[in-house]
Amino acid sequence: MSEFTQEEIERWMTEALEEAKKAENIGEVPIGAVIVKDGEVIGRGYNQRESSQNATTHAEMLAIQEANKNLGNWRLEDCHLFVTLEPCVMCSGAIVLARLKSVYYGPGDLKGGAVRTLMTVLEDERLNHQCEVHSGVMEEECRSLLTTFFKQLREEKKKNKQKEK
């Protein structure tokens with residue numbers, strides 16, 4: 001059960017969507033994340049793998065790093081992550097290690113989701129920490145952003161191929 005109202009959940013996921021749009025604006029896969037503690041955003045991130053050429057610069061990883069810095073602590077025990085797509089195994093591992101209290105995400109990720117789709121890292125009782133999980137948050141809005149991005153990317157690739165001929 002969430003400690004947030006539906007209105008609060010949508011507010012924080014809207015903030016994550018704004019981060020995702022920052023990624024989209026620089027040609028990155030539009031995934032965004034925010035970390036909330038005591039009603040305030042303490043960490044933000046958006047995908048930057050292509051621009052940084054660093055495989056670890058996922059939205060969640062950057063949000064966790066900023067939250068750690070802002071709190072001066074690696075433990076994020078009373079913090080909540082809002083992210084526009086189900087976290088991958090790397091990000092899920094970092095979420096567990098940072099001891100986030102809960103994770104709210106939009107759609108599942110059929111190719112890399114490690115929260116509930118392919119694995120259940122955040123709820124695995126063999127690990128030293130588990131998170132509350134809330135899936136399907138503003139799912140259509142989050143999915144639409146990704147779908148539009150990949151559709152445009154495919155169209156651009158098709159146009160570039162035609163130019164080469």
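Which pattern does the protein follow when read along the sequence? The pattern is α-β-β-α-α-β-α-β-β-α, and the secondary structure comes to 5 helices and 5 strands, where helices (H or I, at least four residues) and strands (E, at least two) are DSSP runs numbered from the N terminus. This is a predicted model, in which local features need pLDDT of at least 70 and side-chain atom pairs count only at pLDDT 80 or more, while totals for chains, interfaces and linings use all residues. Residues are numbered from 1 along each chain as its sequence is written, and side-chain values use heavy atoms, with hydrogens and water left out.

**Overall form**
- Along the principal axes of the protein, the C-alpha trace spans about 55 × 30 × 30 Å.
- Buried residues make up 44% of the 165 residues, with buried meaning under 20% relative accessible area, exposed over 50% and partly exposed in between (1.4 Å probe, protein chains only).

**Salt bridges**
- A search of the whole structure finds 9 salt bridges, each being a side-chain nitrogen of Lys or Arg within 4 Å of a carboxyl oxygen of Asp or Glu.
- E15, E19, K22 and R44 are linked in a network of such bridges.
- Within helix 1, K22 and E19 are 3 residues apart and so separated by about one helical turn, and their closest N and O atoms are 2.9 Å apart.
- E19 is buried at 3% relative accessibility, whereas K22 is partly exposed at 38%.
- E19 also forms a salt bridge with R44, at 3.3 Å between the closest N and O atoms; because E19 lies in helix 1 and R44 in strand 2 (residues 40-46), the pair ties together parts that are 25 residues apart in sequence.
- In helix 5 (residues 139-164), E139 and R143 lie 4 residues apart, about one turn of the helix, and their side chains meet in a salt bridge (2.9 Å, N to O).

**Surface patches**
- E7, E8, E10 and E141 gather in a patch of negative charge; patches are made of residues with over 30% relative accessible area and no salt bridge, like charges being joined within 9 Å and nonpolar side chains (Val, Leu, Ile, Met, Phe, Trp, Tyr) within 5 Å.
- Helix 1 (residues 6-25) gives the most to this negative patch, with 3 residues.
- V89, L118 and M119 form a nonpolar patch, with about 270 Å² of accessible area together (Shrake-Rupley method, 1.4 Å probe).

Conventions
Lys and Arg count as positive and Asp and Glu as negative; His and the chain ends are not counted. The place of a charge is taken as NZ of Lys, CZ of Arg, CG of Asp or CD of Glu.
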